[in-house]
Amino acid sequence: PAMKTVMSGDKLDGLKKERSTSRRGDFVIPITKKDDSYWRLPGGDEDATVFSRVASVITVLQWLPSYNWRENFFYDVVGGTTIALICLVQTLAHASIATTDVIQGPYCAFVPPFVYALLGTSPHASISSGAIAAILIADQLKAWPDMQARTELASLLSFITGMILVVMGLARAAYAVRFLSQSLISGFVTGGSVLIIVGQLKNLLGLTMMPHTSTVLEAIEKLVEFSPQTNYIGLCLGLTMMALLQIMMWVKKWTVEELKKKGKPRPWLIVIKIFTEAKELVLVVISVIFAYVSSDADGKPLLPVVGHITPGLPPFKMPWDSDAAAKLLGQTDLSHTQTVIENYVLHHFFVGGMLVAVTSFLTTYATSKKQALAHSYSIDASQEMFALGMAGACGSFFGSFPPSGSLSRTSLASEVGVKSQMSGLMKIVVVGGSLMYLTEVLFYLPKATLAAIILRSTWSLVDTDTAKTLWEGWKPRREGGQRRDMVVWLLSLILTIWFGVLYGIATSVLISLLMLIRDAAVPRVVILGQLESQGFIWRDVEVWHEGRTIPQILVVEFRGALSFASADWFQEEMERIRIREDARNPYKIKVIVMTFGSVHDLDPTALAMLRDLLTAWRAHGVSCIICDAKSRVRLLIESHFAHPTAKNKRPLLDQSAFMIGINDAVNMAMAHISPKQEDAPGRTVSGSVGVSSRFMRTVSDVQDSSPLSPQRVNPFRI
C-alpha cells in the first residue's frame with residue numbers, strides 16, 4: 001500500500017518502532033552450539049580428510065578407483081587413439097606456426113597430456129599444442145633468427161608459463177585472468193591469424209632461402225623479394241591440399257546433418273564422418289606418398305620437405321640447460337651493450353610468459369567449459385589452471401613448448417565417445433610409438449602440406465561474426481549499443497598486426513581495464529519519469545520520452561557502485577542535475593528522491609559525501625528521500641542519516657520508513673511539498689493508480705511553461 005504518513009517533528013518518537021519493523025527482512029535465527037550439527041553442511045573443509053584433500057589436487061585418485069573398465073575402457077582407447085593420431089599431425093603444423101623445430105610439436109603431445117590426465121577435471125579436454133598459443137610463442141621468439149635457439153627457448157618458456165599457472169592455481173586465482181573480454185580476444189585472434197597467414201606463405205611458396213622475419217611489413221617485403229624462387233610443384237600441392245580440406249569439411253557437415261535425420265542407421269555415414277574428422281592425417285598420408293614417388297633417382301624430393309627428424313622419445317633435459325637459455329639468463333660473459341640488450345629481451349620474455357600463460361588457460365578453459373555444459377558435469381577453474389601449469393612445467397623437461405587446449409579436438413573427443421581422462425593416457429602410447437617408428441616416414445612430409453593445413457585452419461579463426469555483431473550495435477551504451485566493444489575489437493586487431501601479439505593484447509587489456517575503472521568512477525545518474533502506459537513504472541526519461549515527472553520533485557537513479565572511486569563524481573553530478581533542473585523549470589526543486597537499488601555497498605568516503613550533500617541541500621531548502629536500498633546499504637543509511645545529531649536537530653533524511661519502493665517515496669515527497677492536500681484524489685502514486693495530471697508533466701509541458709527556455713528543449717536533456 002502507498003504510504004500517506006506526513007513526516008513531522010512530533011512523530012519522530014515513532015521512528016524507533018518503525019525502523020525495528022523494517023529490519024525484519026534482515027533477521028537471522030541465531031545458531032546455538034546445540035544446533036550446530038544441524039546447520040553445518042556435510043562436505044565442508046571441516047569434514048575433509050587428508051586423502052580427500054590430496055585427491056582434490058591429484059584428480060586421478062578420484063576417478064580411477066571408480067572407473068568402469070567394462071563399459072568405458074573400449075571407448076576411451078578408440079577415442080584416445082583417434083585424437084592422438086590427429087593431434088600428431090596438428091602439432092607438426094603448430095610447431096611450424098611457433099617457428100620452432102617441427103619435432104617439438106609431437107613432444108608437446110607426449111608428456112603434457114599425460115600429466116593433465118592425472119590432474120585435470122575435464123574428461124574431454126585435449127591438451128597438447130594450440131594455434132593461439134603457437135601465435136604467442138612465435139611472437140616471443142621472433143628476436144632469435146636461429147631455429148635451434150628458438151626451439152630451446154620455447155622449452156624454457158613452457159617452464160615459465162607452467163610455473164606461473166601452478167602458483168595461480170594453488171592460490172585459487174583463476175578470477176584474476178578474466179579481464180580479457182570476448183571482444184578483445186576476438187580482435188587479438190583475428191590479428192594473430194593475419195600474422196600466421198603471412199608467415200606461412202613462405203612455406204606454401206617453397207621459399208627455403210627466405211630469412212626469418214619479425215614483423216608483417218618485413219615479411220611482405222621479403223616475400224616480394226624472394227618470389228622468383230617459388231617452388232611451383234610445392235605451391236600446386238599446397239593449393240590442392242587446401243581444396244581437399246575444404247571439400248572434406250563440406251562432406252563432414254553434410255554427414256552430420258544426415259545423421260541427425262530420423263530413420264534407419266546408416267553405418268557408412270559414420271565411417272565417412274570419422275574419415276573426414278581425420279582429414280589432416282589423410283592429407284599427410286597423400287602428400288608423403290606424392291613426395292616419395294616424385295623424388296629423383298637419388299631420393300631427393302622435388303619440393304621442400306620436413307627432412308630428418310631424430311627418432312626416439314624426447315630426452316630428459318633441464319629447460320634452462322642450453323646455450324640460448326644461458327645467454328638469455330646472463331650465464332655467459334657478454335659485452336656491456338650485449339648485456340643491456342639481453343636484459344631487455346629477458347624482461348620482454350618473462351612478461352610475454354605471463355601473457356602466454358593467461359591466454360593459454362583462457363582458451364583451454366573456454367573449450368572445456370563448453371563440453372562441461374553440454375554433458376552436465378562441473379570443472380574447477382583453479383584446478384584446471386594448476387593442471388595446465390603442471391603439464392607445461394613437466395613437459396618443458398622433455399622438450400615441449402607451452403601446451404594448451406584445442407577447440408576442434410575437444411569437440412571431437414565428445415563425438416568419438418570419450419568417457420574419461422583415460423583417453424589422455426592413450427596419447428603417450430600413440431605419440432611415443434610414432435616418435436619411435438614413424439620419423440623416417442615424416443622425412444618426406446612436404447612443408448607445403450603443413451602450410452596448407454595451417455592456412456585453412458587459421459582462416460576459421462578469423463572472427464568476422466563478432467565484428468559484424470558489434471558493428472550492428474554501433475550506438476551509445478545507454479541505448480543498448482556496443483560501440484565501446486567495437487572500439488576494443490578494432491584496437492586489438494590493429495595493434496596486434498602492427499606491433500605484434502604481445503603489445504597488441506597488452507595494450508588492449510590496458511584499455512579494457514581503464515574502461516572498467518571509468519565505469520566504476522563515473523557511473524550514470526539518470527532522471528526517472530513515470531510511464532502510465534506501462535503500468536506506472538519509472539524509467540529513464542532519456543530513453544522513454546513520454547515519462548511524466550512531478551513539479552518540485554526530482555526522481556533520480558544512481559546506476560553503479562557508490563564508493564571512494566565514485567563519491568566525488570556522484571556529488572558533482574547530483575548538484576549539476578539539480579541546478580540545471582532549477583534553471584529549466586518555473587518551480588524550484590524541493591524534494592529529491594534517490595533510488596539506490598543498484599548500490600550494493602557504501603564505504604566511509606561515500607557516507608561522508610552523502611552527509612555533506614544532504615547538509616548542503618538542507619541549507620538550500622531541499623529535502624531528500626532514499627528508496628529501494630537493500631540490506632546493508634539500507635542499514636547504513638538509517639544509522640547515519642535517520643537520527644538527529646548535535647549539529648542537526650532534525651534527521652538529514654525526511655522519511656518515516658526505509659523499506660520503501662519508489663512509489664512510496666514519491667508519495668512521501670508529495671505529502672512534504674503540500675501536506676494539506678495529501679488526501680486529495682489522484683495524489684497517490686501506486687502500482688495501479690498514477691498521479692493526477694495536474695501534478696504531472698511531460699517533456700512538452702516543460703518546454704511550453706519554462707520562462708527560461710523559450711526555444712525547444714532537447715528531450716534527452718530533461
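Is helix 17 mostly covered or mostly exposed, and how many of its 16 residues are buried? I found helix 17 mostly covered, with 14 of its 16 residues buried; buried means under 20% relative accessible area, exposed over 50%, and partly exposed in between, with a 1.4 Å probe and protein chains only.

Before going on, I noted that this is a predicted model, where local features need pLDDT of at least 70, side-chain atom pairs count only at pLDDT 80 or more, and totals for chains, interfaces and linings use all residues. Residues are numbered from 1 along each chain as its sequence is written, and side-chain values use heavy atoms, leaving out hydrogens and water.

**Helix 17.** I looked up its span: residues 381-396 reach 23 Å from first C-alpha to last, close to the 22 Å expected at 1.5 Å a residue (1.5 Å times one less than the number of residues). Helices here are DSSP runs of H or I, at least four residues, numbered from the N terminus. At the N-terminal end I saw Asp380 as a cap, with a side-chain oxygen 3.1 Å from the backbone nitrogen of Ser382.

**Asp582.** I found this one in helix 25, residues 567-584. Asp582 counts as buried because its relative accessibility is 11%. A polar atom of its side chain lies 2.8 Å from the backbone nitrogen of Ile589. Leaving aside neighbours within four places in sequence, Asp582 is in contact (heavy atoms within 4.5 Å) with Lys588 and Ile589.

**Phe499.** I placed Phe499 in helix 23. Phe499 is partly exposed because its relative accessible area is 47%.

Key:
Helix = DSSP H or I, 4+ residues; strand = E, 2+ residues; numbered from the N terminus. Polar contact = N/O pair within 3.5 Å; in protein donor to acceptor, adjacent residues only side chain to side chain.
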